[in-house]
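Let's take a look at charged pairs and aromatic rings in this one. Have the sequence and the model open side by side as you read.

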Amino acid sequence: MVINKIIKLNLGSGGRPLEGYINVDSNPKALKVDIVHDLDVYPWPLDNESIDEVVMDQCLEHLDDHNRAMKEIHRILKRGGVANISVPHFTWQYAYHDPTHKHFFGYNTFFYYAHDCGYFDFRFSECKVKLTFGKRLSFWNIILEPLFNLFPNIYEQSPLRVFPALTVDAILIK
């Protein structure tokens, strides 16, 4: 009987290592880092179709070429593997405050990786996206978040953006 071990990867783990994941970061002093690697250097030191799950939380916006990084995620994921990616939404002020952010993201960004848009030589089979709004100091976002997720394009293309979203959270399946 062969038991396949599920391999989970936390890319750009930094100060947020995850238990049960292989934590990857460019900083050798990062907390509980398992693999030290600069994610701007390709190919990543991982085998094709070797990973079951990828988490990339607040990292993709720091990379030089986020499209190349998405291609690498696709390459290393097993068929049916899942990528959970969270990036700052373009309406959040800290998306622009951080001078190390190189890219900005909207609701539809990740759907490009799951449709035949003609830009890429890879494609995820499924994509789900959610906008997340801060709720600590902005209690109205508790009401607005579900509403804006029902009509994300209306939200992004109208003055409703005065209520900034914090993150774009995507789940992509290979």
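Which side chain meets Lys71 in a salt bridge? The partner is Asp121, with N and O 3.0 Å apart. Lys71 sits in helix H1 (residues 66-76), while Asp121 belongs to the loop between helix H2 (93-97) and strand E6 (126-132), so this contact ties together parts that are 50 residues apart in sequence. Keep in mind that we're looking at a predicted model.

## How open that pair is

The two ends of this bridge fall into separate classes. Lys71 comes out as partly exposed, because its relative accessibility is 34%. Asp121 has a relative accessible area of 61%, so it counts as exposed.

## Other salt bridges

Across the structure there are nine salt bridges. One of them joins Lys174 to Glu49, and here the closest N and O atoms are 3.2 Å apart. That's a link between distant parts of the chain: Lys174 is in the segment after strand E7 (167-173), Glu49 is in the loop between strand E3 (35-36) and strand E4 (51-57), and 125 residues separate them.

## The aromatic side

Now for the rings: a search of the whole structure turns up 16 aromatic pairs. Take Tyr113 and Phe120, whose ring centres are 5.1 Å apart; their planes meet at 35°, so the pair is classed as tilted. Tyr113 is buried, at 2% relative accessibility, whereas Phe120 is partly exposed at 24%.

Phe120 also pairs with Tyr119. Their ring centres lie 6.1 Å apart and the planes are at 75°, which means an edge-to-face arrangement. Tyr119 is exposed, with a relative accessibility of 58%.

## One cluster

So where do these rings belong? Tyr113, Tyr119 and Phe120 are among the members of one aromatic cluster. The cluster also includes Phe105, Phe110, Tyr112, Phe122 and Phe124.

Technical notes: Residues numbered from 1 in each chain as written. Predicted model: local features only at pLDDT ≥ 70, side-chain atom pairs only at ≥ 80, totals over all residues. Heavy atoms only, no water. Salt bridge = Lys/Arg side-chain N within 4 Å of Asp/Glu carboxyl O. Helix = DSSP H or I, 4+ residues; strand = E, 2+ residues; numbered from the N terminus. Buried < 20%, exposed > 50% of the residue type's maximum accessible area, 1.4 Å probe, protein only. Phe/Tyr/Trp six-rings, centres within 6.5 Å; stacked < 30°, edge-to-face > 60°.
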